[in-house]
Amino acid sequence: ALAAVGLSAACGPVYVRERDDRAYGYGAYGAGGPAAYGGGYASTAQPDPYFSDLTGYGSWVNTAQYGRVWVPYANRNVGWRPYFFGRWIYTSYGRAWHSEEAWGAAYHYGRWGWVTGHGWVWVPGYTWAPAWVVWRHGGGCVGWAPMGPDHAMGGSIDIHYSYWIFVRQESWVNRPVQHAVIAAAQVSQAYNQSVVIQHAANISGHDGRAQSYYRGPRQEEAAGWTSQPIE
């Protein structure tokens with residue numbers, strides 16, 4: 001069951017999980033939605049001891065788009081998506097994803113893409129970042145979406161609005177995301193009222209070359225939105 005808390009003309013009600021982890025207002029997003037990623041990127045990474053801990057939480061499959069990928073069992077739950085069950089914490093690297101899922105370290109490596117027949121899949125990567133997402137802000141909301149495998153190849157790609165997660169800007173800091181998401185019907189409006197947060201930084205890749213990631217909202221920005229200091 002879901003309970004609506006408060007109202008916002010820009011973002012709609014905030015939905016709070018009460019009993020069912022799968023019922024968080026996002027319905028069947030991703031269940032046959034538009035393919036926002038693609039373009040022939042194939043991962044050369046293979047399941048090896050580096051990723052062996054993932055085997056108990058999902059399966060490895062071969063795909064035409066991305067080569068060998070990992071499909072979490074959580075993907076069987078209607079509406080499941082990356083960067084949803086957990087919270088954002090502020091670090092010297094910017095916003096870091098603190099997952100509630102046992103295999104959450106995967107969010108700091110690799111990329112997430114959508115493959116018809118499998119849903120969300122994880123493309124292995126060896127470079128750490130606080131999170132591999134892009135950010136938006138506006139209309140009273142903050143949102144993020146996985147960067148996608150094509151970003152790893154230096155490509156620029158438009159991520160469909162249905163792949164974004166939005167929360168109200170005053171109620172997301174240090175709070176579980178699944179307790180703060182806006183209603184699914186309001187996601188398109190939040191997307192259209194927001195703009196990309198251009199706050200990129202570089203981090204040293206496993207091959208010695210710098211890779212770009214996005215730090216997310218700045219400390220002073222978030223403090224202003226939430227009316228509380230950000231530690």
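Two residues are in contact when heavy atoms of theirs lie within 4.5 Å. By that criterion Ile-230 touches Tyr-90, Arg-95, Val-173, Gln-219, Ala-222 and Ala-223, not counting residues up to four places away in sequence. This report starts from that residue and then turns to other parts of the structure.

The structure is a predicted model, in which local features need pLDDT of at least 70 and side-chain atom pairs count only at pLDDT 80 or more, while totals for chains, interfaces and linings use all residues. Residues are numbered from 1 along each chain as its sequence is written, and side-chain values use heavy atoms, with hydrogens and water left out.

## Overall composition

The protein has three helices and 14 strands. These elements are DSSP runs numbered from the N terminus, with helices (H or I) of at least four residues and strands (E) of at least two. Of the 231 residues, 52% count as buried; buried means under 20% relative accessible area, exposed over 50%, and partly exposed in between, with a 1.4 Å probe and protein chains only. Among contacts between residues at least 6 apart in sequence, 64% join residues at least 24 apart.

## The end of the chain and Arg-95

Ile-230 is found in the segment after H3. With a relative accessible area of 8%, Ile-230 is buried. Ile-230 and Ile-89 are 141 residues apart in sequence, yet their C-alpha atoms are 9.1 Å apart in space.

Arg-95, one of the residues that Ile-230 touches, lies in strand E6 (residues 94-99). Arg-95 is buried and has no salt bridge, the nearest side chain of opposite charge being that of Glu-221, 7.4 Å away. For charge, Lys and Arg count as positive and Asp and Glu as negative, while His and the chain ends are not counted. A salt bridge is a side-chain nitrogen of Lys or Arg within 4 Å of a carboxyl oxygen of Asp or Glu. The side chain of Arg-95 does reach the backbone oxygen of Pro-217, at 3.4 Å.

## Salt bridges

The structure holds two salt bridges, listed below with the accessibility of each partner.

| Arg-168, buried, 14% | Glu-170, partly exposed, 35% | 2.6 Å |

## Nonpolar cores

A nonpolar core is a set of buried Ala, Val, Leu, Ile, Met, Phe, Trp, Tyr and Cys residues joined through side-chain atoms within 4.5 Å. The largest such core has 51 residues, and those with the most contacts inside it are Tyr-83, Trp-88, Trp-112, Trp-144 and Trp-172. Elements giving two or more residues to this core include strand E7 (111-115), strand E9 (133-138), strand E10 (141-146), helix H2 (187-192) and helix H3 (219-226). E10 gives the most, with four residues.

Tyr-83 is found in the loop between strand E4 (67-72) and strand E5 (86-91). Tyr-83 is buried, with a relative accessible area of 1%. Leaving aside residues up to four places away in sequence, Tyr-83 touches a set of residues that includes Trp-88, Trp-97, Trp-112, Trp-132 and Trp-144. The phi angle of Tyr-83 is near 60°, a positive value in a residue other than glycine.

A second, separate core of seven residues includes Val-61, Tyr-66, Val-121 and Val-123. Tyr-66 lies in the loop between strand E3 (58-63) and E4, and Tyr-66 is buried at 0% relative accessible area. The C-alpha atoms of Tyr-66 and Val-115 are separated by 9.0 Å, although the two residues are 49 residues apart along the chain.

## His-108

His-108 is found in the loop between E6 and E7 and is buried, with a relative accessible area of 13%. The side chain of His-108 reaches the backbone oxygen of Trp-97 at 3.2 Å.

Methods: Polar contact = N/O pair within 3.5 Å; in protein donor to acceptor, adjacent residues only side chain to side chain.
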